[in-house]
Amino acid sequence: MRIGFAVPVSGSWATPANMVRVARRAEELGYHEVWTFQRLLYPQGHAMGPVYRSVHDPVVTLAYVAGVTSRIRLGVAVLNMPFFSPALLAKQLASLQAVSGGRLDAGLGLGWQPEEFTASGVPMERRGRRAEEFLQVLRRLWTEETVQHEGEFYRLPPVHQDPRPAAPPPILLGGGAEAALRRAGRLADGWVSASREDPAGLGEKISIVKEAARAAGRDPGSLRFVTRAVTLVRPSGAPGRKPLSGSFEEIRGDLAALAAQGVTDVFHDLNFDPEIGSPDADPGESMRRAEAALEALAP
């Protein structure tokens, strides 16, 4: 199982200097990938929690750390397709794939926050069907010299979009509903679980993705299954300890259970710890804890 780490993108510790420190140190320590996530807007008075209150753009962040690293892969989990046109996102991700030397893993999702859909001028309804057409257009723009498309949601006159990526980035689809899992099996290079996913239930959802891949005539063994580990470093031995929380030893021990369920990639994300990824957290203390975690949880 490949091990990754999340770049600081949320809260007070998410400074350019800290992004560089975490990405470079993760590369030095042998982590396989660094990850970001997207939050377009935070509705006033919402109960989402502090992790979503102040979040940097994930594509810009990955482009920034691409320039200060050379080996480590760069992932986003996830970009919500309805907030983009497929042409715009195809251009952005193709450019990121180029400047990073082919290190991008593109996690894509449907979105769930109504205010973000309103601000993007897109309805929430039928977003699953919209996503399938989006993926078709995205991949055609990456692989075909001339693209013309007349669909239910998107239209392209005969166009070129160059430079096309020498190797299109792998696409990982998010979502926990059965329809989303089956879509990942049919259409994507893998599945990425959400921050709210119960680690104990991943195996069941991975099985659904694999079943859908087999039904579509695809090899389920070729798919990747990526888990965001909402990692909460706390004193050991807490009663009722949740997976991926506690001491470093306890957290490392939890990874075996993920691998046994079929997870191929896991990344530790401290942005989702309210003591670290909050706008009110002490950024110096957050980085001290992050650097300790980087060392202790390294592959």
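Student: What should I know about the model before we start?
Tutor: It is predicted, so local features need pLDDT of at least 70 and side-chain atom pairs count only at pLDDT 80 or more, while totals for chains, interfaces and linings use all residues. Residues are numbered from 1 along each chain as its sequence is written, and side-chain values use heavy atoms, with hydrogens and water left out.

Student: How far does helix H3 reach from its first C-alpha to its last?
Tutor: Helices (H or I, at least four residues) and strands (E, at least two) are DSSP runs, numbered from the N terminus. H3 covers residues 86-99, which is 14 residues. The expected span is 1.5 Å times one less than the number of residues. For H3 that expectation is 20 Å, and the helix comes close to it, reaching 20 Å.

Student: Which residues of H3 are exposed on the face turned away from its buried side?
Tutor: Buried means under 20% relative accessible area, exposed over 50%, and partly exposed in between (1.4 Å probe, protein chains only). The buried residues of H3 are Pro86, Leu89, Ala90, Leu93, Ala94, Leu96 and Gln97. They lie on the same side of H3 because they cover an arc of only 160 degrees around the axis, taken from the directions from the helix axis to the C-beta atoms. The face turned away from them carries the exposed Ala98 and Val99.

Student: Which elements do the buried residues of H3 pack against?
Tutor: Contact here means heavy atoms within 4.5 Å. By that rule, the partners are helix H2 (58-66), strand E3 (73-80), strand E4 (104-109) and helix H5 (127-143).

Student: What covers the buried residues of H2?
Tutor: Those residues are Pro58, Val59, Thr61, Leu62, Val65 and Ala66. Their arc is only 160 degrees around the axis, which puts them on the same side of H2. The cover includes helix H1 (16-28), strand E2 (33-36), E3, H3 and E4.

Student: Which residue in E2 is the bridge partner of Phe5?
Tutor: Two strands pair if DSSP finds at least two bridges between them. A closed barrel of eight strands runs E1-E2-E3-E4-E7-E8-E9-E12, with parallel pairing. Within it, strand E1 (residues 2-6) pairs with E2 in the parallel sense over three bridges. The E2 partner of Phe5 is Val34.

Student: Is Thr227 buried or exposed?
Tutor: Thr227 is found in strand E9 (residues 224-230). Leaving aside residues up to four places away in sequence, it touches Ser193, Leu202, Leu258, Val263, Asp265, Val266 and Phe267. Because its relative accessibility is 4%, Thr227 counts as buried.
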